[in-house]
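Hi everyone, thanks for coming. Have a look at the structure on the screen, and then I'll walk you through a few parts of it.

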Amino acid sequence: MNTPDISELKKITSQVRRDIVRMVHAVQSGHPGASLGCAEYFVSMYFHLMKHDKNFNLQGNGEDLFFLSNGHISPVWYSVLARSGYFEVSELATFRKLNSRLQGHPATEEDLPGIRIASGSLGQGLSAAIGAAQAKKLDNDDRFVYVLMGDGELQEGQVWEAAMYAAHHNVDNVIASVDFNGQQIDGPTAEVMDLKDLKAKWQAFGWEVVESNGNDVSDLINTIENAQKLKGKGKPILNLMRTEMGQGIDFMVGTHKWHGVAPNDEQLASALSQLEETLGDY
Amino acid sequence: MTKFTYTEKKDTRSGFGAGLLALGQNNENVVALCADLIGSLKMGDFKKEFPERFYQVGIAEANMIGLAAGMAIGGKIPFTGTFANFSTGRVYDQIRQSVAYSEKNVKICASHAGLTLGEDGATHQILEDIGLMKMLPNMTVINPCDYNQTKAATIALADHQGPAYLRFGRPSWPIFTPDNQKFEIGKAWQMTEGTDVTIFATGHMVWQAVEAEAILAEKGISVELINIHTIKPLDVDAILKSVAKTGCVVTAEEHQRNGGLGDSVAQTLALNNPSPIEMVAVNDSFGESGTPMQLMEKYGLTPMDIVNAVEKVIARK
């Protein structure tokens with residue numbers, strides 16, 4: 001593994017956060033909260049951890065694949081895909097607009113490079129990732145399949161069907177991450193539907209669990225690089241990733257209230273004043 | 001005129017099993033997934049011969065659909081197997097988002113469709129699956145009529161790119177179509193030529209229509225019988241061509257009248273050539289326990305029900 005350039009990754013993260021709030025503000029819709037909370041994760045994945053090709057190939061033989069199960073955090077994914085060269089950053093201005101490839105929730109119909117399956121209706125991404133991982137095993141392709149889920153999303157039963165399956169079938173080339181921010185639309189997860197001891201739950205389902213601070217690039221990269229070394233031991237891997245919803249913007253951080261609400265003009269100005277423009281706005 | 005007869009009966013699900021085995025031998029990208037119903041779906045031979053390409057999913061159909069979508073991304077051609085009820089209604093959103101909207105090359109193979117499931121009763125006798133599946137954009141919907149046609153349809157699906165739903169059933173049923181037939185998706189098969197009425201039938205009801213045709217022939221009524229094995233995409237040209245000649249239509253299916261083949265044919269006629277139509281189908285009710293033949297009789301799906309519908313529709317011309 002190359003040594004990560006942490007300061008460079010932090011710079012990109014700042015720009016991604018600017019993209020997120022500007023995209024959501026422009027159409028006064030979208031989900032900024034967890035998009036902001038997962039900025040470090042996406043930047044670490046696309047700019048350091050994954051082997052991937054911006055000349056997008058759906059099947060991705062010989063590449064690491066990424067699946068976003070909680071599709072509502074599309075702004076962070078679109079920003080990172082564009083900043084990685086999958087498509088022009090200027091296209092971010094079309095987010096959620098008519099005839100755009102950047103649908104409110106990720107879709108394949110418009111052939112946006114980087115997207116392999118539609119998501120948004122929650123609970124489905126882990127299954128797809130495990131299926132793709134088993135296809136890689138059939139092809140003797142030793143790369144990983146990564147998937148991100150929200151913590152609230154774990155309330156969907158299909159997630160646990162998939163969890164049980166992956167352990168039973170020794171799908172150890174999957175590294176799933178949970179955005180563990182403790183928030184969902186109606187409030188804190190502990191109040192809406194308590195997730196209780198997530199680590200114990202995943203372990204009981206037969207997964208190897210690692211824990212990380214998802215808003216700390218160094219910790220996140222270390223954790224996932226260590227997780228990669230667990231491949232071959234026959235257990236699927238779960239990265240329980242603590243994040244703060246709304247991370248990086250003082251009035252958005254740590255609350256469910258910005259899950260799916262767009263900032264107004266004044267709030268946008270305040271948010272942008274807190275985020276350095278490092279790569280140039282789209 | 002060709003006369004359709006049979007010397008042997010077999011279940012259509014066994015046609016699926018035989019087709020899947022043949023695909024395994026000829027196409028290394030074909031993989032199979034099953035939700036704890038290997039025996040019922042006749043997937044045992046595939047599993048035995050190709051264990052590395054067979055995935056036992058357990059009783060978790062939602063996960064099975066998602067897995068299949070993921071395998072399709074990896075270039076595989078997944079065939080999922082469970083009962084029709086659990087292949088459609090139970091996993092509708094998974095199919096809608098992960099397969100249909102995402103344009104994944106997944107073949108959803110569904111046994112024990114309709115009333116002829118028999119004694120298990122209404123919880124398992126889905127009569128809404130054709131409607132559910134045909135409403136989805138990108139989805140192909142196939143309902144073959146006997147063992148040979150089901151085998152041929154299964155084989156044809158591997159060469160078809162895109163999401164598909166294959167519906168078949170549990171009971172032993174006459175084998176009256178040719179062995180090793182070529183199955184053309186989306187192409188209606190005109191089985192008899194006639195002038196007085198067109199019967200469009202699908203699935204098990206094709207044989208009921210064959211028997212009805214013989215009864216009607218004795219009454220001097222000339223029937224054009226068309227086997228609609230592909231409900232979507234519907235062979236609109238074949239339907240309109242036949243109706244232009246006969247002027248009236250009976251549809252026959254082991255499904256709800258709402259949302260089934262009859263609906264699709266009626267829409268085609270209404271838009272292009274409004275003509276009298278009668279539908280032999282289950283009329284807005286659930287099934288119940290009983291033998292397949294008892295149920296077909298109670299819910300109006302016998303050859304005589306088709307005969308009566310034909311006489312009624314001809315009188316409306």
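So, how many residues does the contact take from chain B and how many from chain A? It takes 22 residues from chain B and 24 residues from chain A. By contact I mean that the C-beta atoms of two residues, placed from the backbone, lie within 7 Å.

Quick housekeeping. This is a predicted model, where local features need pLDDT of at least 70 and side-chain atom pairs count only at pLDDT 80 or more, while totals for chains, interfaces and linings use all residues. Residues are numbered from 1 along each chain as its sequence is written, and chains are lettered from A and ligands numbered from 1 in the order in which they are written.

Back to chain B's side of that contact. Helices α4 (61-73) and α6 (92-101) of chain B each supply at least two residues to it, and the largest share, nine residues, comes from α4(B). Helices here are DSSP runs of H or I with at least four residues, strands are runs of E with at least two, and both are numbered from the N terminus. By class, this side has nine nonpolar, ten polar and three charged residues. Ala, Val, Leu, Ile, Met, Phe, Trp, Tyr, Cys and Pro count as nonpolar, Asp, Glu, Lys and Arg as charged, and the others, Gly among them, as polar.

Now, inside chain A, let's look at two helices. α1 (residues 6-27) and α10 (residues 265-273) of chain A pack at an angle of about 170°, with their axes 10 Å apart. Axes are lines fitted to C-alpha atoms, for helices over the stretch in contact, and angles run from 0 to 180 degrees between N-to-C directions. α1(A) and α10(A) are therefore roughly antiparallel, a label for angles over 145 degrees. Who meets whom? A:Arg18, A:Val21 and A:His25 in α1(A) meet A:Leu268, A:Ala271 and A:Leu272 in α10(A). That gives four nonpolar, one polar and one charged residues.

Last stop, a strand. In a regular strand the side chains alternate between the two faces of the sheet. In β1 (residues 65-68) of chain A, A:Leu65 and A:Phe67 point one way, A:Phe66 and A:Leu68 point the other way, and all are buried. Buried means that 20 or more other C-beta atoms lie within 10 Å of a residue's own, with C-beta atoms placed from the backbone. β1(A) runs parallel to β2 (residues 145-150) of chain A, and four bridges join them; strands pair if DSSP finds at least two bridges between them. One of the partners to find on screen is A:Val145 in β2(A), bridged to A:Leu65.

Technical notes. Angles under 35 degrees count as roughly parallel, over 145 as roughly antiparallel, 65 to 115 as roughly perpendicular and the rest as oblique. A residue is buried if 20 or more other C-beta atoms lie within 10 Å of its own, exposed if 12 or fewer, and partly exposed in between; C-beta atoms are placed from the backbone.
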